[in-house]
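Please consult the sequence and the three-dimensional structure as displayed below.

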Amino acid sequence: MPAIVPLPSDYGPWLAELKARIHVAQQQAARSVNSELVLLYWQIGRGILERQGREGWGSKVIERLAQDLRNAFPTMKGFSRANLLYMRAFAEAWPDQAIVQQAVGRLPWGHNLVLLSKLKATDLRLAYTQRAIDQGWSRAVLVHHIERRLLEREGQAVSNFALHLPEPNSDLAREALKDPYLFDFLGVGDEANERAIEDALVQHITRFLLELGAGFAYVGRQVPLEVGGEDFFIDLLFYHLKLRCYVVIELKATAFKPEHTGQLSFYLSAVDAELKGEHDAPTIGMLLCKSKNKVVAEYALRNINQPIGVAEYQLTESLPSDLQSSLPSIEAIEQALTEPDGSTSMP
């Protein structure tokens with residue numbers, strides 16, 4: 001080990017900068033290797049597709065190909081018969097090589113198997129691909145969001161954001177709200193009242209934040225506000241990091257009623273006056289109700305001069321699932337791709 005000597009004054013910052021650069025270089029190298037591997041898998045799958053169409057290759061030929069590739073590259077995983085079939089399915093799903101290089105190639109192979117097995121529509125696959133890239137989703141998180149139809153529920157709440165928020169904040173706020181919200185992880189029944197739901201949401205705050213989506217930061221529950229010498233309490237208060245504004249959430253264990261907007265509007269005015277900082281955007285309100293009549297909600301929000309959204313929540317029922325394609329589940333894929341020595345062939 002080098003002897004300790006007096007160091008230049010700028011040594012520490014420079015070392016920190018070098019470490020950061022090396023870390024970035026390592027990440028870029030890993031991404032590059034992954035992209036090349038996914039492209040290789042696509043090229044193999046494309047070749048199988050073409051030869052099946054031209055020469056009528058059957059399963060026995062693919063099984064022989066798998067064995068020959070394993071013999072030629074004994075230290076390289078990924079050449080099981082099952083994985084070759086998924087390379088073929090991958091190439092069939094993405095006939096355009098440019099998409100592979102620019103989009104799905106930026107995700108690990110395991111992520112791509114999830115997209116193949118759980119989504120049929122190309123546009124949805126691309127949408128989940130881009131979100132996974134943008135937000136750095138692990139494979140488990142990707143599975144979670146696909147199974148709960150995250151992107152299909154985004155932007156579906158009734159709101160007046162376009163009238164009261166400037167662009168692009170109005171679009172960002174609209175996309176930040178879902179309809180319905182799935183609270184089946186709370187373990188409470190449909191008969192639960194507002195306080196019981198609120199207690200359970202706070203108890204499961206990590207799952208609640210995951211359901212709300214990226215950008216939400218928890219501030220508190222039953223947040224006190226003093227207005228004109230009287231005390232008022234907000235059910236749940238959040239701050240949205242991208243929108244840079246407070247978000248007031250009010251829970252209603254009943255169907256939506258127009259008078260609910262009056263109470264929430266009052267809370268928004270109070271938060272803007274008492275909590276909102278100089279650089280914060282106007283506070284947004286979210287009414288989460290057991291059910292709603294969309295037309296009634298639209299009429300109720302029409303003359304409200306503050307940004308409010310109305311959405312439903314579900315406590316025990318999951319959304320109808322049409323996610324499974326003709327391919328097996330991701331668990332079945334993992335089992336099929338396991339090599340004889342017990343190691344998995346997926347990177």
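Which exposed residues does the face of H2 turned away from its buried side carry? They are Lys60, Arg64 and Asn71.

## Basis of the model

This is a predicted model, in which local features need pLDDT of at least 70 and side-chain atom pairs count only at pLDDT 80 or more, while totals for chains, interfaces and linings use all residues. Residues are numbered from 1 along each chain as its sequence is written, and side-chain values use heavy atoms, with hydrogens and water left out.

## Helix H2

Helices (H or I, at least four residues) and strands (E, at least two) are DSSP runs, numbered from the N terminus. Helix H2 covers residues 59-72; at 1.5 Å a residue its 14 residues should span 20 Å, in agreement with end C-alpha atoms that are 20 Å apart. The expected span is 1.5 Å times one less than the number of residues.

Ile62, Ala66 and Leu69 are the buried residues of H2. Seen down the axis, these buried residues fall within an arc of 70 degrees, so they line one face of the helix; the arc is that of the directions from the helix axis to the C-beta atoms. Buried means under 20% relative accessible area, exposed over 50% and partly exposed in between (1.4 Å probe, protein chains only).

Arg64 forms a salt bridge with Asp68, with the closest N and O atoms 3.0 Å apart. A salt bridge requires a side-chain nitrogen of Lys or Arg within 4 Å of a carboxyl oxygen of Asp or Glu. Arg64 and Asp68 are four residues apart in helix H2 and therefore separated by about one helical turn. Arg64 counts as exposed at 55% relative accessibility, whereas Asp68, at 36%, counts as partly exposed.

The structure holds 13 salt bridges. One of them pairs Arg153 with Glu211, the closest N and O atoms being 2.6 Å apart. Arg153 lies in helix H8 and Glu211 in helix H12, so the pair ties together parts that are 58 residues apart in sequence. Both Arg153 and Glu211 are buried.

Asp179 and Lys292 also meet through their side chains in a salt bridge (2.4 Å, N to O). Asp179 lies in the loop between helix H10 (169-176) and strand S2 (181-182), and Lys292 in the loop between strand S6 (284-291) and helix H14 (294-302), so this pair ties together parts that are 113 residues apart in sequence. Asp179 and Lys292 are both buried.
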